Amino acid sequence: MQSHAMPRDILIVGAGIAGLACAISLSQELTPSIPGLKITVYEGTAGPSASGGAISLTPTAQNYLDKLGVLSALNQMGSDAGIEVDIIELFSLRSGRRLGPLRFTDENGLGYGGYKGRRVMRNALSRAMLAVIETRPNTTVHFDKKVTGGSTTDDASVTLTFDDGATATGDLVLGCDGVHSVTRTRLVDPGNRSEYTGIAFIQSITDAHDLSLPMHFNRTAVHLTRHSSLLTSYCDPDRRMLFSAAILRVNEHLIERYQTAAKLDCREQASMKMSIRYLVRTQFAKSALPAIRELLDHTEDWALYPVYQVRQRGRWHKGRILLLGDAAHAMPPRDESAAYSIEDALIFTQILSQNRHAPLSAIFQEYETARRELVNRAFDASRRLWQSDLDKGLFPGHVRGLMSPVHGAPIVGKSGGAGVGVVVANAGKGSATAATHQSFSDLSVYSLTREFQGEIDS
Ligand SMILES: Cc1cc2nc3c(=O)[nH]c(=O)nc-3n(C[C@H](O)[C@H](O)[C@H](O)COP(=O)(O)OP(=O)(O)OC[C@H]3O[C@@H](n4cnc5c(N)ncnc54)[C@H](O)[C@@H]3O)c2cc1C
């Protein structure tokens, strides 16, 4: 086979979870053997976003972050390190009845592969990833560099253009710019725009010290109604920062009005804020749980996050550009999407490093072969659960998502194409059970959900 030059100048669009995971993993894996390696991340915002609330990391996501050195950086961040979650307590919102726990542990109380769940502020996770990048000699992150387009027609290089008129040229572009990806819609798969799922998260952070009543859960709880759910979770070891997310169907017109109001004057914004607060209170305030009533009474600032998805089976690569993370496969809500994004980065790194002199087209094809089926399966499962529930006027899709089998890494053997073999080892710390797709049984998920249907009052 003809030998091709290994990409040395790698441009990454987006400093989200996928982009930063790619930068760290490529730098760690390739630096020792590729002289002159240069990895540059371009992020459109002015700095790590302060919005977005808290994110749930599954045991698998934690395992991957540990491999990248991010978990230890996070653990050094004191109260910003997030809170370990071993169970999610479920309640009926109306009656207050405890429905049972969902566990992030095996039957011995051990985390999968040594890892439990974690709830952490998105901003803290970004800062931990950036701290690891700062230790890498050849990796730079530029903020305030919004990509607007580019070209990948040249056989030997790829160029990005930015909204400030600048350009950057490299050997390889990784499009990690999220669900509304410009890399996808302008370069790789024009026309493949994100679609609204019909579901939105309405989120808020409250100082728990401002509340007088004790909470009825230890760390994290989901409160179910037949049509929506309310997640409440502490995000710090001191249990002071309380994250709430109302997860419900929201009409697309309201989303548009919300987005328009954000660009208008304070009066419009204040009026929209009141509407959102009213929506949450109407849906959740009639609860037998006094702490929930107080929380909703107290909380004024709610932010709306509509959930978008990317049409399945769209194109993932073109020329010298590859899409990863949500840019390639944003799915309906599923609390493991971050794990899929980090896994994309790890698998691509392995394929690239084992096939340094293969043409990029063969490397991209090999990557797609390794990823497509797993991602499709996850997407199908997520969509089926949400759709069938919504059709029935039920809303336990999110809970089923939470109960979905702990996502494990695929083990892909030697295959054709560029002759790439990929193994992302899943073994974690100690002798605890590793996180696999079988960690929670699908059967119990379905029977539990059926059981809940009688328990959850509308
Ligand atoms: C409301 C909500 C709640 C969620 N909760 C969870 C959860 O609890 N657990 C979980 O695992 N997953 C969760 N997810 C999914 C998870 O957030 C995503 O799967 C994950 O963030 C994808 O990472 P990413 O890096 O691909 O994209 P993103 O995190 O979206 O990062 C993309 C980055 O690219 C930047 N960017 C965009 N356009 C440009 C451009 N033109 N030029 C330069 N930079 C650009 C963005 O500013 C951003 O920094 C949730 C999603 C939503 C919407």
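The place of arginine 313 is in the loop between strand E17 (303-309) and strand E18 (317-318), where helices (H or I, at least four residues) and strands (E, at least two) are DSSP runs, numbered from the N terminus. This is a predicted model, in which local features need pLDDT of at least 70 and side-chain atom pairs count only at pLDDT 80 or more, while totals for chains, interfaces and linings use all residues. Residues are numbered from 1 along each chain as its sequence is written.

**The chain as a whole**

- Of the 458 residues in the protein chain, 48% are buried; a residue is buried if 20 or more other C-beta atoms lie within 10 Å of its own, exposed if 12 or fewer, and partly exposed in between, with C-beta atoms placed from the backbone.
- Among the contacts in the protein chain with a separation of 6 or more, 76% are between residues 24 or more positions apart; two residues are in contact if their C-beta atoms, placed from the backbone, lie within 7 Å.

**The shell around the ligand**

- The ligand is surrounded by 31 residues, of which the closest are Gly14, Gly16, Gly178, Gly325 and Ser337; a residue is near a molecule if its C-beta atom, placed from the backbone, lies within 6 Å of it.
- At least two residues of this shell come from each of H1, strand E3 (54-57), strand E17 (303-309), helix H9 (326-329) and helix H10 (337-354), and H10 gives the most, with four residues.
- By class, the shell has 15 nonpolar, 10 polar and six charged residues, where Ala, Val, Leu, Ile, Met, Phe, Trp, Tyr, Cys and Pro count as nonpolar, Asp, Glu, Lys and Arg as charged, and the others, Gly among them, as polar.

**Two pairs of packed helices**

- Two packed helices are described by the angle between their axes and the distance between the axes.
- The axes of helix H1 (residues 17-30) and helix H4 (residues 122-134) come within 10 Å and cross at roughly 25°; axes are lines fitted to C-alpha atoms, for helices over the stretch in contact, and angles run from 0 to 180 degrees between N-to-C directions.
- H1 and H4 are therefore roughly parallel to each other, since angles under 35 degrees count as roughly parallel.
- H1 passes H4 in a left-handed crossing, a term used if the near helix is turned anticlockwise from the far one by less than a right angle.
- Leu20, Ala23 and Ile24 of H1 make this contact with Met129, Leu130, Val132 and Ile133 of H4, and by class the contact has seven nonpolar, no polar and no charged residues.
- Helix H6 (residues 252-263) and helix H7 (residues 266-284) pack at an angle of about 145°, with their axes 7 Å apart, and the crossing of H6 and H7 is also left-handed.
- On the H6 side the contact is made by Arg257, Tyr258, Ala261 and Ala262, and on the H7 side by Glu268, Gln269 and Met272; by class, the contact of H6 with H7 has four nonpolar, one polar and two charged residues.

**Two buried residues**

- Glycine 117 is in strand E7 (residues 117-121), and it is buried because 29 other C-beta atoms lie within 10 Å.
- Not counting residues up to four places away in sequence, glycine 117 touches Ser56, Leu57, Thr58, Pro59, Val85 and Phe104.
- Leucine 295 is found in helix H8 (residues 290-298) and counts as buried, with 24 C-beta neighbours inside 10 Å.
- Leucine 295 touches Thr206, Leu211 and Ser244, again not counting residues up to four places away in sequence, and its C-alpha atom is separated by 9.1 Å from that of leucine 213, 82 residues apart along the chain.

**Residues in loops**

- Serine 212 lies in the loop between strand E13 (195-207) and strand E14 (220-224), and with 9 C-beta neighbours inside 10 Å it counts as exposed.
- Most residues other than glycine have a negative phi.
- Arginine 313 has a positive phi of about 65° although it is not a glycine, and with 12 C-beta neighbours inside 10 Å it counts as exposed.
- Aspartate 144, in the loop between strand E8 (139-142) and strand E9 (147-151), has a phi near 60°, a positive value in a residue other than glycine, and is partly exposed, with 13 other C-beta atoms within 10 Å.

Terms used:
Angles under 35 degrees count as roughly parallel, over 145 as roughly antiparallel, 65 to 115 as roughly perpendicular and the rest as oblique.
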